[in-house]
Amino acid sequence: MASPSGWWRDTAHRMLLHRSDSSAVPVLLEALHAGDLSPAAKIQVLWCVNHLLPDDKDPGSKDFKATALAALMSGDADVRRHAVQISEHWLRQGDVSVLSALKPLVNDADSGVVMQLAYSLGEADDPAAAEMLSQILAQHGDKELITAATFSSLNEANISTVLAQVVNG
């Protein structure tokens, strides 16, 4: 997975998934922690591990969650954006530690990261997610795509909070 060639990474990824080889997870996580991977390889490893650990009952899941949350602070915007999308699994479960880790990304310098955050927050029913959506609208309301992403995340559980905060400033 460390190859600069996308073909080699894709082939390794495909073979691991085809075999459902979760024994590779510790090696993949170790490669992520070593820091020698390109941003594209980091993203591919994150998604590969995400698919190899489909539920939180797997022993490697806690390590993966910590690794995915650490990727939210990556220096590369694409890695952060993919880490946000991967975090949706924990948002659906109501994991407040994940919401806390996502909060700083409301102010991310990369609009793609903020847009993905707006899309992903729709998976959470927590009032903190509604507050974050309100902050995104307040800070990025002049950007059509981010506004559309935020609107797509509005639901019964959060719309009144978001609208109240936007109207009241």
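**Exercise 1.** Does tryptophan 90 count as buried or exposed?

*Solution.* The model is predicted, local features need pLDDT of at least 70, side-chain atom pairs count only at pLDDT 80 or more, and totals for chains, interfaces and linings use all residues. Residues are numbered from 1 along each chain as its sequence is written, and side-chain values use heavy atoms, leaving out hydrogens and water.

Step 1. Buried means under 20% relative accessible area, exposed over 50%, and partly exposed in between (1.4 Å probe, protein chains only).
Step 2. Tryptophan 90 has 4% relative accessibility and therefore counts as buried.

**Exercise 2.** Classify the aromatic pairs of the structure.

*Solution.*
Step 1. Rings of Phe, Tyr and Trp (its six-membered ring) pair if their centres lie within 6.5 Å; planes under 30 degrees apart count as stacked, over 60 as edge-to-face and the rest as tilted.
Step 2. There are two aromatic pairs. Tryptophan 7 and tryptophan 8 lie 4.6 Å centre to centre with 85° between the planes, an edge-to-face pair; both residues are exposed.
Step 3. For phenylalanine 64 and tryptophan 90, the centres are 5.9 Å apart and the planes stand at 45°, so this pair is tilted. Phenylalanine 64 is buried, with a relative accessible area of 3%.

**Exercise 3.** Determine how helix α5 (residues 77-86) and helix α8 (residues 111-121) are oriented to each other.

*Solution.*
Step 1. Helices (H or I, at least four residues) are DSSP runs, numbered from the N terminus. Axes are lines fitted to C-alpha atoms over the stretch in contact, and angles run from 0 to 180 degrees between N-to-C directions; contact means heavy atoms within 4.5 Å.
Step 2. The two axes come within 9 Å and cross at roughly 0°.
Step 3. Angles under 35 degrees count as roughly parallel, and α5 and α8 are therefore roughly parallel to each other.

Key. Helices (H or I, at least four residues) and strands (E, at least two) are DSSP runs, numbered from the N terminus. Angles under 35 degrees count as roughly parallel, over 145 as roughly antiparallel, 65 to 115 as roughly perpendicular and the rest as oblique.
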